[in-house]
Amino acid sequence: MHYYIGKYDESRHATPDIYKEHSRGFDRVSLVNRANGSVHCEACISRLAPGGIVPTHVHAYEKGIYLLEGEVELLRNGEAVRMPAHGYALIPYATPHAFRNRGKQTARWFEILSPQPKPQHSLKDTFFTGDEAWPEVLADAATHSPPKGVGSFQPVNPLPRMGGGLQEGLTVYRFMERNFGTQCFFMMRGEMSVGAYRTRHDHPIEEFYMGLAGEAIMEIEDQSFRLGAGDVAWTGVGTSHAFRHVGDTPFQWLETQTRSEEHTSELQSRFGISYAVFCLKKK
């Protein structure tokens, strides 16, 4: 089964070729992509320096962003939104959008791109459409009534917890899903309290994890890995995995799930759910 363990390395940031002549102060590092075995997604961290800008462009894929630090302004379909830390936004397929940073701190955000972007020097799936005027009034992702497809993370409305000894002390908050407008991915944050665990299981989807704070042991197939802040893990379809908390502070992470539209539709029609979980016993 396919899986990947890595670490966010700030020194690997670089401006992708297609952005070099169309942006200022922008760079990115890919965390997981087809080179690691992924079929449905690419996970990245992007940065925009103070005074930086990425002019209006469109993608032939869906994109979700989550601000990790700093502040960035997003122009999406003619509407401008201020995105503070922990703000998030959906950029649907073929939607014109731009970024700018008018602050004094570099903005850094996580991105999930699905379906997976084409390799560089292959068929183009990102197109710059020219400069677009920014409106004078900006909406705010952190307000109680942000624009559609925009929000600010709050630890509310957790997913139902599994019984039967399958997990203990684990809470997951899914904030980007179907009713938010996504078609190709889910995005969520999770937390494991001291002593928490999740038993071995697999999925008919790809999962990506990035540690934000604390530590946990992740068992993947017959291997064990210690995950902390900045560590990343990706599991492919059918790859068994489990978690157990270690240390004295909660383990927090950012997570995405990606799958094909056809597979999702089949699961929904058969089970009435958007993804399936199969619990396994370790041999």
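**A walk through the predicted model**

Thr258 is in contact (heavy atoms within 4.5 Å) with His40, Cys41, Ile112, Ser114, Cys184, Phe185, Ile205 and Glu206, leaving out residues up to four places away in sequence. The model is a predicted one, in which local features need pLDDT of at least 70 and side-chain atom pairs count only at pLDDT 80 or more, while totals for chains, interfaces and linings use all residues. Residues are numbered from 1 along each chain as its sequence is written, and side-chain values use heavy atoms, with hydrogens and water left out.

Thr258 belongs to strand S20, residues 251–258; helices (H or I, at least four residues) and strands (E, at least two) are DSSP runs, numbered from the N terminus. Thr258 is classed as buried because its relative accessible area is 1%, where buried means under 20% relative accessible area, exposed over 50% and partly exposed in between, computed with a 1.4 Å probe on protein chains only.

Another buried residue is Glu111, which counts as such because its relative accessibility is 0%. Glu111 sits in strand S9, residues 107–114, and its side chain makes a polar contact of 3.4 Å with the side chain of Ser46. A polar contact is a pair of N or O atoms within 3.5 Å, of which, within protein, one must be able to donate a hydrogen and the other to accept it, and residues adjacent in sequence count only if both atoms are side-chain atoms. Apart from residues up to four places away in sequence, Glu111 touches Arg28, Glu42, Ala43, Cys44, Ser46, Lys63, Gly64 and Ile65.

The volume of the largest pocket is about 690 Å³. On a 1 Å grid over the protein atoms alone, a pocket is an open set of points with protein on both sides within 12 Å along at least five of seven lines, and lining residues have an atom within 4 Å of a point; grid points are joined across faces, edges and corners, and a volume is the space filled by probe spheres set on the points.

The loop between H1 and S2 holds both His22 and Ser23. His22 is partly exposed because its relative accessibility is 33%, and, not counting residues up to four places away in sequence, His22 touches Val54, Pro55 and Phe128. The C-alpha atoms of His22 and Val54 are separated by 6.8 Å, although these residues are 32 apart along the chain. Ser23 and Pro55 are likewise 32 residues apart along the chain, with 6.5 Å between their C-alpha atoms. A polar atom of the Ser23 side chain lies 2.7 Å from the backbone oxygen of Tyr19.

Strand S8 (residues 97–100) has His97 and Phe99 pointing one way and Ala98 and Arg100 the other, and all are buried. Strand S3 (residues 42–59) pairs with S8 in the antiparallel sense over 3 bridges, pairing being assigned if DSSP finds at least two bridges between two strands, and His57 stands opposite His97. Strand S5 (residues 72–76) also runs antiparallel to S8, joined to S8 by 4 bridges, with Leu74 opposite Phe99.

Notes. 1 Å grid on protein atoms, 1.4 Å probe; cavity = no way out; pocket = protein on both sides within 12 Å on 5 of 7 lines; lining within 4 Å.
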